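Please look through the structure shown here slowly, with the sequence beside it.

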Amino acid sequence: MLLVHFSDLHLGHRAYERAERGKNVRERDVSEAFQRAVREVIKLKPDLVLLVGDIFDRPDPPPGALVALAQGLEALRSVIPSTQIFMVAGARDTPRPMTDPGALAALDPFPNVEAVTGRARSVFLRDLQTHLFLVPHSAVVRRPYPELRTHPEAKWNLLLAYAGVATGAGPGLSLDPEPWDYVALGYLHQHQQVAPRVFYPGSLERVGPEPWREAAQEKGFLSFDLESGTSRFHPIPGRAVVALAPIRVPQGESEKLPGKVREVLGEVPGGIDGKIVRLRIEGLSPEEVKREDQGLFAELREQALHLAIEVDDFQNLADNNPLPLVTRDRGFALRVLRDRVKEMEGEVEGLGVMLEEFTEGSAPSIDAGGLEEELLIQEFHGSDLPFLGEVSMEAKEGLLGWMGGDGRTLQAFAHTLLWGVGILPDLPGSPAGDEEEKAAIALRLGGIREASFWRRTGRAARETRVDGRGDSSQQWGLPAEGMAMAWCGIGGDSPEAVLDGGETLLAAARGVQELTGLIDVLSERYPGLKRDRDLGDLSARDYGRLMLESELADLKAQLRALDDVPNLVSELETELMDLRGDIAETGGDLGAETMEWHRERQDAETHLQAYRDRGRELRDRIRKLEALGPDSPCPTCGRLLAEHSQEVLEELQDEWEALVQDGQWWRRRWEQLEEKPQGLIDLESQSHLLNARFEDCTERLERARSALRELDELRHREREVKDRLDLFLEEANASGATEEELAAFKDDPGEIPETPPLARHLHDLTRSLQGEIEAECRTRLLNRAGRRLNRLTGGRILGLGGENEDRVVQLVNGGGSAGVEADEDRAAALVALRMALVELLAEDWNPIGSFVLGDPFDRMGAEDQLRALSLLRRVLSRIPQVLLLTRGPVVERAPEFFDGLYDFREHPEKGRVFLKSLPAGVGLLRVR
């Protein structure tokens, strides 16, 4: 008694937007893998074929997927007609509406086919003495759960279920494997034995959003002999997936990248043609990878079916920045300032005393937490809410999908949450007047470290509280407007807005407001400092000093940028000399090879023409001899050949055949030499490449020499500006602002007293540290978001680069586009920035209870959305609850990612939406 077990076919799966003959390449791969598997099954001639879960890639499969499955079933039926086929629907085969059985149900009427899509079904095959209990996805995620029962008359009891596996107590189906002769599971894409006679066969193809995670896994199906209890895995070849070894490039050696890439590719057996490839580059920034590309990646993308380039520079700012990463330390910024002032006490006497004078009593709490730690939504009850009406639901931890309605409904839900927790003072969309008082919301929130509590807003705030914790007891540890953007996305409608707001929020988590307060106090005491911010109001003395300092800072920045120019000139001159030698050597070889090719071609052509002329002559003589017979004259003496004519004819024919054979050889030789030999082509390519490199090196050398002349001029200007500034400061330090001057300034604001050098020094030091912290926070957010964007887009975008003069976030495109950014890529950048921000807040501050992601997600590409779901699952390790507000298509494509689904639906009578909870995720089979 032999059975065959398939799962997770994912027919209709599409990816990478590559098509051949009008069909997506990956869709064809999946279909062909199934057809290969069917051919193997036919050889085995099993009694039963079990297909468990995710037979299609989505509930509304394309016609090609239906045709592929029907062809496979027909092939089995026609060759082994006695074989029974049983199919169980998975999450991808099950539409959201319970009334829709899905496409798989259409195959139930096929002969010898049982296709179960809704409720569990029990089937007893009396002739085989076999009982099968079929449990589809919808039967495991909806209560009441079916009772798993065997058949007392059956010799063999088989269980088919689409579910994950867990142990211990909890929701799900309880399974004791002992009474079952075989348990066929579907859901995992990896072949795995869970318990004796309990198996996942895995998928036939690598169809996950990150297929290289399965690169080392064999794909195929299982056969199981019920008599002997032995299983066998049958591998099915599919499209190769290659996860290349990481390429590590030391800092400052980015020019080695192309060589290292070719070296790694050379280790791939059979090359990368037509394969799915992941290339990881470590140690370089996205801009450096882009700069060293020079068409290399475009060439590789043409060879591979898909090339994902993952860039990770592992930039650890704790090593390269004097500001270490500190968690939950509001006193960090002020403490660093005190440390720096202490280091300078020997140079600037009295600086520490002035700092303590202005910061006396400033001791921010190191552990000043806030409500953001408790934004874990457990219950939500609202009434008379704009756009939402009456809403009541219970939530749980995990990835939750909120869908349906239109964009306005989802946006209203996000704003209502912000109002409910006290971030927004007013409820957006509420009508003015008495009607505004009707809206009410009650939230039960959970804490990262504390028990749950109720928070009531609107009319509900006047009602009796459940546990005595009121709104007034909860304060925001971080700025509320920043939390609105980080938590719910309000105010972060562009990558630039999220980057600016995220910088402010991360800096606030490190206590930068203390520095801002100190700057304000200093500016009030010494008005000259306040005027520094507006050049139009500066005194002539301060204006002159600032101009000189600005010019000197600009010169130093330019000099730093040109530090390596002398070494660069030397290196380029050496490279140019080496290239001249290589060009001369290659040119000589090319000339000799070309002459040899021309000589051989001419020789072959001469011989071929001679054989053709001789052949025509012989052919004419043979025809003439055949026509005249014995009366033909001898070609040598002219006498009649008579009885010798046949002998001469045979000799001529022998000579003709030998001539034809030799002529054919020379013709083939001439045809072979018609095209350039590969060695000559290689030499020409090498010569072109060397000449191109020579021209490029010449241009770079000219630019470097020009920069070297500029370097000398800048050094001369720097000496001049330094001398002028030193003289200016000597004169300025001789005077200071006295109490009388300050009193005079109060009486006459038009006269700004000179700021004491000590105060100016402390002011400048504080502003410098403030800018340093903010720049460090901005850089960390930009780098982290760049890595997330790289993963979200499957390597299409290498990362986020430095901002331009307009502070516009730059997407470093690895796909070869000429600087044109698609709207879906900007949306992906926005999602990546928000994900990176909440991750960094979890590291620098404390995990936020939940994360609400809305609009930009729906504007991303379909494949990017699936990768985003995979990344959001990982975010759950830091943030226990993620609320995805989406219009729904992604839920249809990948329902197994979600732990809960909530659907906004319009009430047919009241005209308002109501909230309906739907089954989500993958059901669990709890194996004892």
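The largest cavity has a volume of about 190 Å³, where a cavity is, on a 1 Å grid over the protein atoms alone, a set of points where a 1.4 Å probe fits but cannot get out, and where a volume is the space filled by probe spheres set on the points, which are joined across faces, edges and corners. This is a predicted model, in which local features need pLDDT of at least 70 and side-chain atom pairs count only at pLDDT 80 or more, while totals for chains, interfaces and linings use all residues. Residues are numbered from 1 along each chain as its sequence is written, and side-chain values use heavy atoms, with hydrogens and water left out.

A search of the whole structure finds three cavities of 30 Å³ or more. Around the largest cavity there are 17 lining residues, and Thr 94, Pro 95, Arg 96, His 137 and Pro 919 lie nearest its centre; a lining residue is one that has an atom within 4 Å of a point. Helices here are DSSP runs of H or I with at least four residues, numbered from the N terminus. By class, the lining of the largest cavity has 10 nonpolar, four polar and three charged residues, where Ala, Val, Leu, Ile, Met, Phe, Trp, Tyr, Cys and Pro count as nonpolar, Asp, Glu, Lys and Arg as charged, and the others, Gly among them, as polar.

From cavities we turn to pockets, a pocket being an open set of points with protein on both sides within 12 Å along at least five of seven lines. The largest pocket has a volume of about 1,400 Å³, and of the 29 residues that line it, Glu 255, Glu 292, Gln 294, Glu 575 and Arg 700 are the closest to its centre. The largest share of this lining, nine residues, comes from α18, and the lining of the largest pocket has 14 charged residues beside eight nonpolar and seven polar ones.

The second largest pocket has a volume of about 810 Å³, and it is lined by 36 residues, of which His 189, Gly 208, Pro 209, Glu 214 and Phe 897 are the closest to its centre. Helix α22 (residues 862-875) gives the most to the lining of this second largest pocket, with five residues.

Which helices pack against α20? One of them is helix α13 (residues 512-525), whose axis comes within 10 Å of that of helix α20 (residues 757-792) and crosses it at roughly 155 degrees, the axes being lines fitted to C-alpha atoms over the stretch in contact and the angles running from 0 to 180 degrees between N-to-C directions. That angle makes α13 roughly antiparallel to α20, a word used for angles over 145 degrees. The contact, meaning heavy atoms within 4.5 Å, includes Leu 515 and Leu 522 of α13 and Leu 769 and Ile 773 of α20.

Helix α12 (residues 495-509) also packs with α20, at an angle of about 125 degrees and with the axes 8 Å apart.

How values were computed
Helices (H or I, at least four residues) and strands (E, at least two) are DSSP runs, numbered from the N terminus. Angles under 35 degrees count as roughly parallel, over 145 as roughly antiparallel, 65 to 115 as roughly perpendicular and the rest as oblique.
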